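Hi,

Here is the structure I promised to pass on. Have a look at it first, and my notes follow below.

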Amino acid sequence: MDTSFMQNRELSWLRFNERILEEAADESVPLLERLKFLSIFTGNLDEFFMIRVGGLFDLRFVNADARDSRTGMTPDEQLDKLYAGVHTLMRKRDAVYFELEQKLREAGVCNLRVSELSPEEVLFIRKYYEREIAPILSPQIVDAHHPFPHLQSKALHIGARLEQDGRELFGVIPVPASLPDIVRLPGRGLRYVRVEEIICGKAAEIFSMYRVSEKTVLCITRNADISPNDEACADSLDFRETMQHMLQERRRQRVVRLELNSPVSREFCAYLCAMVNLVPDQVFVSRSPLKLSYAFALAGEGGAQLLYKPFTPCRAAGVENDRLFFQIAKHDILLSYPFESMEPFLRLIEEAASDRQVIAIKISIYRLARKAALAEYLCRAAENGKDVTVLIELRARFDEQNNIDWARRLEDAGCRIIYGFEEYKIHAKVCLIIRKEKDAIRYYTQIGTGNYNERTAAQYTDVSLMTADGRIGHEANAFFRNMALGNPKAEYAHLLVSPVSLKQTVLSLIDEETAKGSAGRILVKINSLTDVDIIKHLQKASCAGVKVELIVRGICCILPGIPGVTENIRVRSIVGRFLEHSRIYVFGEEQKMYIASADFMTRNTERRVEVACPVYSPAVKAKLMHILETALADTVKARQMTADGRYVRIAGCGIDSQAVLLQEAEAAEADVPKQGRGAVRPAFRRFSKGTGTV
């Protein structure tokens, strides 16, 4: 099989995360926002090691000769390239961090070492340490009577090399999770000391019986790629109990990375590697903090000049926050997050909870906020006697415990709880309200591209369709019935549902455009593209002359622009203030259009239950096309992928797609003429006419 037009998934992801690092280095971004991007880059890398690198480790032990379907690399070959790539990124991260720290200091935000403090501040930190930190520390040594401790994944520890009477031993001080990340100093300005810096400075005092010859802040990362098919869970009849067991197992998984906050001697490094069963290539030394989540706390206290202009999601034009059933019955409503508020959908559920005509509410949930008004309204509906069915996926990675807790709360309120299938995660975003109107049953359906999470709805770009179209409603009802009956492979006439019809329909739609040759058009906005079958069909479409526009935020395994192979495919990625998350598929001049929960990844198309909904309303199609046009016209936050997988800036007139949509939403809410809409019209002409340039 020719794979010359494909790239490795993991290496593609590293290039995407490098784009996050570019935002941290971008001088046009406010300083504290840049620090937040640096934190996001770090968190992304943590999850990458926990899941993707962890998965490669597992594969290496199961089948060391397994070959990546896109590049033919073995697990070891992939790991070697990943380690080299990450080491390079860590050096770039350090450079960005120290440049940023200098600029923050100039702006009055000072991350200080204890050695930089005034005598009064040293006294303040000493008292804070004695009062708040010292009483809860649990230091220990490692010797014949004190075994090497279990290190919690992603928790900070102070590691020390100790000497006493000619013998050497290791000391460790876990940094308690109950402590804040930073300690604010009294006085004017935003001055602080990181808590690990304070504890590390006290190592000699803590290990006063010994001489501290070396010390460093360290952190290990464990494989978190857990599976519910574990034999220990196989006989459990309670899926919540199974998931709870899995979360406990995650805490003891194999170590895949060791991070150090300062260089150490070869002997000290060798000792640490031996204790956690790693090789030196898996040790990453970073002079910048290993944990940067405190950036978000600082952002809450920073001055306006250091942050983006405050923004509250706007009311969607022409949509009121009451009488939602009446409004949806008149015409379909599309909400565009975060520019438009999630409030109309939440009000719809709130109205349904007390509406006497509402018979039932059915919803599939993948992620919820910790405090979720939606869940409270569902509980209220059940308590009011409505038939409420909640299809909740307990295996939403890193949100498992939150979903377990909500499942219990919803069940206690009287909701009927259903979990996902053993072999398929349920990732669909569907809500159905069944209402009896004038002796007839009417369906009100909401289908979206993002989770029912009120917090991320203000941070992620997603779209949410609310419709009273009976074709969609009847199939949404059939979808929930099939889920309850354990039938994920049912057929539908309108909805595309994986693992059965979504992929096959997408392939057929690509082939339809391929048959049109140079008259064919494909425009897709997704988060990731890894499915080999879809990649092959897109490549064939390109060879037939089809103009293929792909807006792919993250992983993209197709290489565009290769003469004679993928020369008609263009890939661009947008990384900006908001996380691009919407999935929109458009095929042909006639615009066969879908919004979906699914990316073009094998896990979505074959191993999850996903739903793509056709868009029939001309007004909704026009709104979606405008979102896509604006993305295609972006020359500020967008980057175009080259034939070797790199991202490059796009020459143009300085359009920031997210800023344009934000301004339009604010203008619509204020009921003033929209500005800037005309600036993005050429993007639509390019898609519909194939002119080839913005």
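A word on burial before the notes: a residue counts as buried under 20% relative accessible area, exposed over 50% and partly exposed in between, with a 1.4 Å probe and protein chains only. This is a predicted model, in which local features need pLDDT of at least 70 and side-chain atom pairs count only at pLDDT 80 or more, while totals for chains, interfaces and linings use all residues. Residues are numbered from 1 along each chain as its sequence is written, and side-chain values use heavy atoms, leaving out hydrogens and water.

Let me start with threonine 530. With a relative accessible area of 1%, threonine 530 is buried. Its place is the loop between β19 (521-526) and α16 (532-543); helices (H or I, at least four residues) and strands (E, at least two) are DSSP runs, numbered from the N terminus. Leaving aside residues up to four places away in sequence, threonine 530 touches Arg9, Arg70, Ile535, Ile555, Cys557, Phe600, Met601 and Thr602, where contact means heavy atoms within 4.5 Å.

Next, the nonpolar cores. Such a core is a set of buried Ala, Val, Leu, Ile, Met, Phe, Trp, Tyr and Cys residues joined through side-chain atoms within 4.5 Å. The largest has 83 residues, of which Leu35, Leu529, Leu538, Leu550, Ile558 and Tyr585 touch the most other members. Helix α2 (residues 31-62) supplies the largest share of this core, twelve residues. Another core, of 47 residues, lies apart from it and includes Ile333, Val390, Leu394 and Met466.

Finally, two helix pairs. Axes here are lines fitted to C-alpha atoms, for helices over the stretch in contact, and angles run from 0 to 180 degrees between N-to-C directions. The axes of α12 (residues 373-383) and α13 (residues 400-412) come within 9 Å and cross at roughly 25 degrees, which means that α12 is roughly parallel to α13. (Under 35 degrees counts as roughly parallel, over 145 as roughly antiparallel, 65 to 115 as roughly perpendicular and the rest as oblique.) Ala375, Glu376, Leu378, Cys379 and Glu383 of α12 make the contact with Trp406, Arg409 and Leu410 of α13.

For α18 (residues 618-632) and α19 (residues 657-669), the axes come within 8 Å and cross at roughly 140 degrees, so α18 is oblique to α19. Here His626, Thr630 and Ala631 in α18 meet Ser657, Val660, Leu661 and Glu664 in α19.

Best wishes
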